[in-house]
Protein chains: 2
Amino acid sequence: MSSWDITMALATSLSLDDLPAQSDPPSGDPSEFDTPVLAAVAAARARTYDAVCLPLTNTTWRDRWTRMCILSGDRDGDTHAEAEARAEAWRANPVFELEELTMTRLDEAEGVIAMVSDWLELDASDDWVRHDSEIALQQELSYASYLDVQTAVLPPPRNRGQIASYGRAINTCLARTPYMQLSIRLPIYDPSIFQSDAAKPSASPPPLATPDSVASFDSRPSTPEIRTPDLRNAPSTKASEAELNATWEMWDIVRSICAYNPRLTLTLDLTPPLPSVPGVLNRWAAEPIRHVFLPASTFIANGKGYPVLPKGSQTFIRDIMKHRPVVILAGAARGRHARGGEAAYLQYVRHLEKTSAAVRQAATAGTVEHFARGYQDFLQAPLQPLMDNLQSVTYQTFEQDPVKYQKYEEAVFRALAEWPPAERIVIAVAGAGRGPLVARCLAAAERAQRSAFVYALEKNPSAYVTLQRRKAAEWGARVALVFGDMRGAALPEQADILVSELLGSFGDNELSPECLDGAQRLLKPDGISIPASYSAYMAPLSSSKLYNEVRAGKDQEKAAETPYVVMFQAVNLLSGHGGGTGGRCGPQVQECWYFEHPRRDGVLGADGVPPTNSHNTRSAQMTFHIPHAGVLHGLAGYFEATLYGDVGLSIHPQRKDLVSKDMLSWFPIFFPLKEPLYLPSNAELQVSIWRLTNARQVWYEWYAESFLPVLHPAPAQPPPGPAPRVDGRGSFVAAPATPFATPSPVVEAMDNPFLADRPPARLSPKRVEEDDARRDAGVVKIGQTTLHNPGGRSSWIGL
Amino acid sequence: MSSWDITMALATSLSLDDLPAQSDPPSGDPSEFDTPVLAAVAAARARTYDAVCLPLTNTTWRDRWTRMCILSGDRDGDTHAEAEARAEAWRANPVFELEELTMTRLDEAEGVIAMVSDWLELDASDDWVRHDSEIALQQELSYASYLDVQTAVLPPPRNRGQIASYGRAINTCLARTPYMQLSIRLPIYDPSIFQSDAAKPSASPPPLATPDSVASFDSRPSTPEIRTPDLRNAPSTKASEAELNATWEMWDIVRSICAYNPRLTLTLDLTPPLPSVPGVLNRWAAEPIRHVFLPASTFIANGKGYPVLPKGSQTFIRDIMKHRPVVILAGAARGRHARGGEAAYLQYVRHLEKTSAAVRQAATAGTVEHFARGYQDFLQAPLQPLMDNLQSVTYQTFEQDPVKYQKYEEAVFRALAEWPPAERIVIAVAGAGRGPLVARCLAAAERAQRSAFVYALEKNPSAYVTLQRRKAAEWGARVALVFGDMRGAALPEQADILVSELLGSFGDNELSPECLDGAQRLLKPDGISIPASYSAYMAPLSSSKLYNEVRAGKDQEKAAETPYVVMFQAVNLLSGHGGGTGGRCGPQVQECWYFEHPRRDGVLGADGVPPTNSHNTRSAQMTFHIPHAGVLHGLAGYFEATLYGDVGLSIHPQRKDLVSKDMLSWFPIFFPLKEPLYLPSNAELQVSIWRLTNARQVWYEWYAESFLPVLHPAPAQPPPGPAPRVDGRGSFVAAPATPFATPSPVVEAMDNPFLADRPPARLSPKRVEEDDARRDAGVVKIGQTTLHNPGGRSSWIGL
């Protein structure tokens, strides 16, 4: 299997029961299986697991740490002072005793995923428990590093009130343990929110988690909430948006405090049943999921008694397969399900992988996913064909697109077919490259049984050689070649149809408008352009991967000022389909601007070219509704073009399959942000983007502001009912959701530009943005980005 | 006058009426007063103005621009196409005609503040008006730059919906006009919010503003608002928090988009009457105010008919004097007030300057303000006396403090006076420096008529020479000198009283806790330490000046990881005195942590020193209420120490005058933020700060998160009443305030630590932070900072 292919690894999580303490001194002459750990690991591999997950320490360590660091009056006759003196001695020299560890030899730890003691409370409310947990964590990681462990799984954060301390401790560990991957075990939400309201104050420290349950979560008291009287009577099994946000919000704080360290990953714990709100799950797609923790208890029995997963979990795991996670099965050997034994769990998870859409698409020739293997989330500089002459291999790649040139042929065919009967129709291909459009024009003319003569203009001297060869070999007198830039070259006659393929991922970003302005001289006044028009689209995007990719560039300052072409994979569109509160917000993906060719009413100089490029400046302001809290890392850009009539090209995520399915030539564009922008649930994001120009350059600048809708004011008196319950341990869930209108799950009705007439008002350069005022009513500003690429200091393109 | 002194300059704003167009060619042999502009400028200087403010262009230019760029059907028989062709020709070559300008010679523009055409709409809703306004602005600034104009005043933003476009245009101008100061004229709020609800749609372009009014503001339609039915019946002269925020919010966006360019400043326009909400005015203190625009119309007549300012304006202008602004008087020559003529306005403003508290304090010897002249908002690295040996001149500076050593003497006096009668009391001065504390101890003993023997320990070999000189000359046998570090040196006997002066601006930041841990061996078990305890305090701070100062450092990455000692001036504390919604928030300035000496119950090694420094780690989480929207640029830090009994030292802003008035030795400390954090009105700011330690270093890390309180949910149906009115031009005011509880104007009751007993629970190292849970209930997270100084990569101090 090539490294392009999506491959999941399967691991088993062994429990302490399988691993007696290492009280025997290591043998002087180690051979295979001469320790219980080696035997257990070998047995797991024999059961076809790819990896093994082991706790690093055992209860002996936990007992010692607890006696030292947790004050309990008079345990074992110790005085406070004696315990404190032992703790100080340990803090000065944090050393394990042999019998406190599960692994003590290099061969035992080989390939093992180490579970750090999950009773450590890095976010305890007590200052000293937190302090001593951090020393213990560093001690464990330092020991794991000594054993050459590659990945350690850390205990989850449990206390929102001390999440910053948790994050700070992890960040210190990342700095002190240079090569190890640290993966935070985290449930998608706090399962206690579905429990009854009975508070269960947890002991300190919490009970030791067994490998197939998140005991530490189960023991959390349920969350204090402020609810309206009517909501308070609702069944408590319905979690609020904020409750479902809570673990993600903690993850976001931790990784932000750790400055998006690429060695910090997630072990998603699927112990609690998945919530049914899809947006809550989608956000994890944009996060670095390294492991999925899947206990046998999450499986249900199918009709025949074999273990299977509930529908929602199936879907989620199939989707997450594109992250190539390690799936850690726990407790599969304990006979929890009647049929199939341990093998049935493995078989089932491998079945989910095979039936994952991401895996299947990548394996199917002709799909974009197959074409793009190895390019997912890889930043590419957009082509600048105006400035750079392309290589033959680049032309060849794009000529392989099975859809794009077929659409062009169809567009030319329709134009020819509808053309008033004429002896001879003149077609000019502006930017002929190696000739694919020339060939398609000729094919279209044959199909339409029209007499067409084609001028092929090309500025790339190398490609012009290929054109000469093809004219000699294929086209003959039906084609005339003209060397030169379409903005300056002359043709013997004006064309009826001007065909070009100058579009970039964002439509105009390869300077199609400027080039076609210069080529319009070559077209008869009533001639037509193919493409006839194109629009740029945008949506707000979250992706910790892409944020890190941009930062990994050499010149960080410049790297975040440049748009990139990217095949998105580990990303999440943050915008909702609905219109948000009060209808201020547009759809999930919004139109920025529109270009049309030929320009009918523009001012032209004596040379037939516009005196300035002012008419090709654009600016757009879009307001997006953000139904679920997320972090904005950049803006996804798309285009959609009308070639002729209802023949088009589109990479708009909701319309591409409708307009030009399986087209390969364009990945989306990505406008990065220098700093992530946090967006709470129900936020509104106002994105500004400008297309700017001077005599020599064209560039984009972009900027965003975030808002929260304002509610109708509350009554002066608080509503009747019991006061919100507050417990002493800190809340797991941050807060109830801002109780605004719930986002509509209904997908926006499809707005197909090929069926509806586009209102001409959109084209008016002087149109007034009437809805500015509406947009700003009833929201309070909460944040903003910097202005990106001011003055076009990068990503400019020479005209 | 030295450059330290606060000096205001007075300018007059001349109107176009005083300045005929420059249609005459400039004379070949220029002499003084040979143009009307030179005559007008000379006349202004004769009337004792320091500077003159002139419009750059006149109505001829405005008329041409309007004919080209504003479509009006058939003005002067022009067709649309002809106007467009002329506009394109202008866009390609933006050139003034001679008669369109007020100034055309270098000598005319000398020292002049140029007013850019204030009818330019950089934030018009119409794309083309915006586009052509930007070209015109660049044309004007380029011309002003040619004339060597140092400062240009720009037209105010008027349209919240296009504020990002306004900011982007200004940012482009800053890049293209390298040396010029650009100052945005801005009223403190939009005066139209106090007008009646009758909408007055403004013409496009708005009427030309005369120099003594902000016509462009007066003509704005009033703001659409969403109000509750009851609020809707309230008198419309009461502006909401958000309405009063609106111009500041626009300023914040513009300067953020311009990346806090230090050449971008404010011309505060005091045309509209000042609001009575002090918090709304305080925020301007943290902004770069270069000019204050003060029209004669803002003045009222006093009993004798002389022009004076209303009380609120007086206070505000006196306060703003510390910014050393240029006050631009407009229309003072028009005889608006019965008595005094133009001179009366100048005299009155100069009177305000002289009676400004900031100016008076700076002129009064013995005040901190006088002592700190030249150091305001200047970043100083905190002293590290443990690592570096101080210079004699540094000791001398601090020995000049009239208050600090008097307090020390008083503390020693009280301790001696209360001491049980004894033959001989042993005092150890740990860190004697050049001997000021030794002398004070001897003086105290004389006053108390006790027999005291003083050991003077010092590790600085140079200062030790001074000590020897003083012993020989002054102290004799009453003092014994011991050379060495207090953490290792030995004394012949243990002391009864250990006196030290190791405190930094943040209390423990010069490692007083660590040093006194090491010196505690020298103290008898029942001995006392002076100081007995100290606390660190914090408050959130806004200051564009300090943000820029930090960024101006060489190593920007490191510069924002280091705390600085700063005498604050152009700053604003963002926190309110009240407790915020639901009492989650503490007072304006909050305690971080507390140290006490000597440690009574700590674990000690055989050498009498603690085995680890764990007990000196600290962490604090504070929640602040932010009543008015602002930008967080950093955290202000303070300390307060108890020397003995009720004798203390304090730089706590609300208690310093109570505890140790006129003490000079400590400026506050400033913990900067790498990126500003926007905080909306009524936000809650949770600040985390840690004092961390390892075997060799001590450092701070800091981090903040912002929240907005959540309201009780609204009724499902919108309240009855007319729908919010929306007009077509975009709203000046962003949005009505989040209608949460109004912040209380009542200052928190003074909590004097010297009157009340400090509860011993505070000292317990294992105390549980019980209020974490309460803090997190009922708020939604909206933003965060990065973690600053992770791992102590800077600002550490060698132990």
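At 3% relative accessibility, B:Asp377 counts as buried. This is a predicted model. B:Asp377 sits in the loop between α14 (368-371) and α15 (392-399) of chain B. Its backbone is worth a look. Phi of B:Asp377 is near 55 degrees, a positive value in a residue other than glycine. Most residues other than glycine have a negative phi, and most peptide bonds are trans.

A:Asp662 is not a glycine, yet its phi is positive, about 65 degrees. Look for A:Asp662 in the loop between α22 (656-660) and β23 of chain A. Its relative accessible area is 31%, so A:Asp662 is partly exposed. B:Asp377, at 3%, is buried.

Now turn to the peptide bonds. A:Ile530 and A:Pro531 are joined by a cis peptide bond, with omega about 10 degrees. A:Pro531 lies in the loop between β15 (523-530) and β16 (533-542) of chain A. In chain B, a cis peptide bond joins B:His597 and B:Pro598. Omega there is about -10 degrees. B:Pro598 belongs to the loop between β19 (590-596) and β20 (618-626) of chain B.

Next come the aromatic rings. A pair of aromatic rings is described by the distance of the centres and the angle of the planes. The count comes to 48 aromatic pairs over all chains. One of them is formed by A:Phe299 and A:Tyr345. Their centres are 5.0 Å apart and their planes stand at 90 degrees, an edge-to-face arrangement. This pair links distant parts of the chain, 46 residues apart. A:Phe299 is in the loop between β7 (289-295) and β8 (300-301) of chain A, while A:Tyr345 is in helix α12 (residues 341-354) of chain A. A:Phe299 has a relative accessible area of 4%, so it is buried. A:Tyr345 is at 1% and also counts as buried.

A:Phe671 and A:Trp702 make another pair. The ring centres of A:Phe671 and A:Trp702 lie 5.0 Å apart with the planes at 70 degrees, so the pair is edge-to-face. It too links distant parts of the chain, 31 residues apart. A:Phe671 lies in strand β23 (residues 669-679) of chain A and A:Trp702 in strand β25 (residues 697-709) of chain A. A:Phe671 counts as buried at 0% relative accessibility. A:Trp702 is likewise at 0% and buried.

Rings also gather in a group. A:Trp61, A:Trp65, A:Trp90, A:Phe96, A:Trp119, A:Tyr143 and A:Tyr146 form one aromatic cluster. Other rings meet a charge. A:Arg447 lies over the face of A:Phe413, 4.0 Å from the ring centre. In chain B, the charged end of B:Arg618 sits over the ring of B:Phe595, at 4.0 Å from its centre.

Finally, step back to the domains of chain A. The domain assignment gives domain 1 (9-371), domain 2 (392-501) and domain 3 (535-711 + 744-798). Contact between domain 1 and domain 3 of chain A takes 25 residues from domain 1 and 25 residues from domain 3. The area buried between domain 1 and domain 3 of chain A is about 1900 Å². Carbon and sulfur atoms give 57% of that area. Which three residues supply 32% of the area that domain 1 of chain A buries against domain 3 of chain A? They are A:Tyr260, A:Ala286 and A:Val368, with more than any other three residues. Across the interface of domain 1 and domain 3 of chain A, the rule finds zero salt bridges.

Terms used
Residues are numbered from 1 along each chain as its sequence is written. Chains are lettered from A and ligands numbered from 1 in the order in which they are written. This is a predicted model: local features need pLDDT of at least 70, side-chain atom pairs count only at pLDDT 80 or more; totals for chains, interfaces and linings use all residues. Side-chain values use heavy atoms; hydrogens and water are left out. Rings of Phe, Tyr and Trp (its six-membered ring) pair if their centres lie within 6.5 Å; planes under 30 degrees apart count as stacked, over 60 as edge-to-face and the rest as tilted. Helices (H or I, at least four residues) and strands (E, at least two) are DSSP runs, numbered from the N terminus. Buried means under 20% relative accessible area, exposed over 50%, partly exposed in between (1.4 Å probe, protein chains only). A charge sits over a ring if NZ of Lys or CZ of Arg is within 6 Å of the ring centre and within 35 degrees of the ring normal. Domain bounds come from an automatic or database domain assignment. Contact means heavy atoms within 4.5 Å. Buried area is the accessible area (1.4 Å probe) that two parts lose on being put together, summed over both. A salt bridge is a side-chain nitrogen of Lys or Arg within 4 Å of a carboxyl oxygen of Asp or Glu.
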